Amino acid sequence: MAKSVKVYSTSTCPWCIRAKQFLKENNIEFQNLDVSGDQLAADEMMAKTGQMGVPVLDIDGEIIVGFDKERVKSALGLA
Amino acid sequence: MMKIYDLIIIGAGPAGITASVYAARKQLDFLVISIDVGGQTAWSGEVENYTGYQFISGPELAQKFEEHLHKFKTPLKENEEVLALEKTDSLIRVKTSRSDYQAHSVIIASGKKSRELMVEGEKEFKNRGLTYCATCDGPLFAGKVVAVVGGGNSALDAALQLMKIAKQVYVINNTAALTGDAVMQDKIVQATNTTIFNNTLVTAVLGDKFVNRIKIKNRNQQEELAVAGVFVEIGLVPNSGFAKGVNKNSQNEIIVDARNRTNIEGVFAAGDVTDVPEKQIIIAAGEGSKALLSAFHYLSRNNFSD
């Protein structure tokens, strides 16, 4: 079954763009939450991580702060 | 026995990636080790002076660099930090956060990073209200009170971005007057939600779970300002600390000659980490190619057998 992937991001941050690009390249469906325009999403992200840096990836409950490609790969089960 | 590479390139910004493209075309047995890919280019806004692109965003240009790097199946150790560099006989040992490597030559292209404030609370509140990237994190502070620390172009650029979305922006500058471009200064002075504190230092960043205030100090007095965000924009420092024994100037930039050689034979350096005049993406890229050609000549001349 496909994993549930959420990306908390802002439209301006380079690592957010790269993270989303990486997911697209690997045909991973994800929900993008723009924390600059969506206070609820921002609060949710801060509650999950206790911090404000973007991007944050939530892959089936595994929280990854920043775009750590290796961790994202292993969380997604990509070789 | 540990594998011996012809070359290790430290860093994958414009200098390191360009060096890697040249190294691949010379068919060297080499490795690239870097914390990130794209370097400062990935953090840049709009780039209008990289030849061949009349306009491209920093992240897009960084993406192009990365595609070029991967075109040659270059081995890349990403998210890996070099901690030490040591030369014995003709071998250079590179110790990283994950492993140890050795090579006959090294190109240091590790670039620069944001200068830190070095005050109480800075580490604790990093990404908890304190940030070094207004472009990335600015939008999270819509409607809030924030402080920008610094008075140069990057600080004013951050203040300009923030005054459009934040409730109030304090600019905390440690010199007598702002030093950034006059055009930007005028816009900041005219803004109704911006206050400039000259001759003022930030002495502590305080808060609970997130930043809620800073301590500042000027000649006469100390006071506290209630802020939700602190944007540190006080310039850059070279990532050269691991290169012990390599000669540096007073700003800790690695000293190179016109052929990108350092004082240690077989160790070359390129881009923003060096004392090359002017820090530009295109200059870093050009320096990267020069450094590789020098390293290639060094390897050919010595004909290391392993």
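Reader: How are residues, chains and confidence treated here?

Author: Residues are numbered from 1 along each chain as its sequence is written, while chains are lettered from A and ligands numbered from 1 in the order in which they are written. Since this is a predicted model, local features need pLDDT of at least 70 and side-chain atom pairs count only at pLDDT 80 or more, whereas totals for chains, interfaces and linings use all residues.

Reader: In what order do the strands of the open sheet of chain A lie?

Author: Strands of a sheet pair through backbone hydrogen bonds, either parallel or antiparallel. Strands (E, at least two residues) and helices (H or I, at least four) are DSSP runs numbered from the N terminus, and two strands pair if DSSP finds at least two bridges between them. In chain A, four strands form an open sheet in the order β2-β1-β3-β4, with mixed pairing. Its edge strands, each pairing on one side only, are β2 (31-34) and β4 (62-65) of chain A.

Reader: In which sense do β1 and β3 of chain A pair?

Author: Strand β1 (residues 5-9) and strand β3 (residues 56-59) of chain A are antiparallel, joined over four bridges, and Val7(A) has Leu57(A) as its bridge partner in β3(A).

Reader: At what angle do α1 and α6 of chain B cross?

Author: Axes are lines fitted to C-alpha atoms, for helices over the stretch in contact, and angles run from 0 to 180 degrees between N-to-C directions. The axes of α1 (residues 14-25) and α6 (residues 281-302) of chain B come within 7 Å and cross at roughly 40°. Angles under 35 degrees count as roughly parallel, over 145 as roughly antiparallel, 65 to 115 as roughly perpendicular and the rest as oblique, and α1(B) and α6(B) are therefore oblique to each other.

Reader: How many residues of chain A are in contact with chain B?

Author: Two residues are in contact if their C-beta atoms, placed from the backbone, lie within 7 Å. By that rule, 17 residues of chain A are in contact with 16 residues of chain B. On the side of chain A that touches chain B, α1 (14-25) and α3 (69-76) of chain A each supply at least two residues, and α1(A) gives the most, with three residues.

Reader: Which domains does chain B have?

Author: Domain bounds come from an automatic or database domain assignment, which for chain B gives domain 1 (4-113 + 237-302) and domain 2 (130-232). The centres of these two domains of chain B, taken over C-alpha atoms, are separated by 34 Å.
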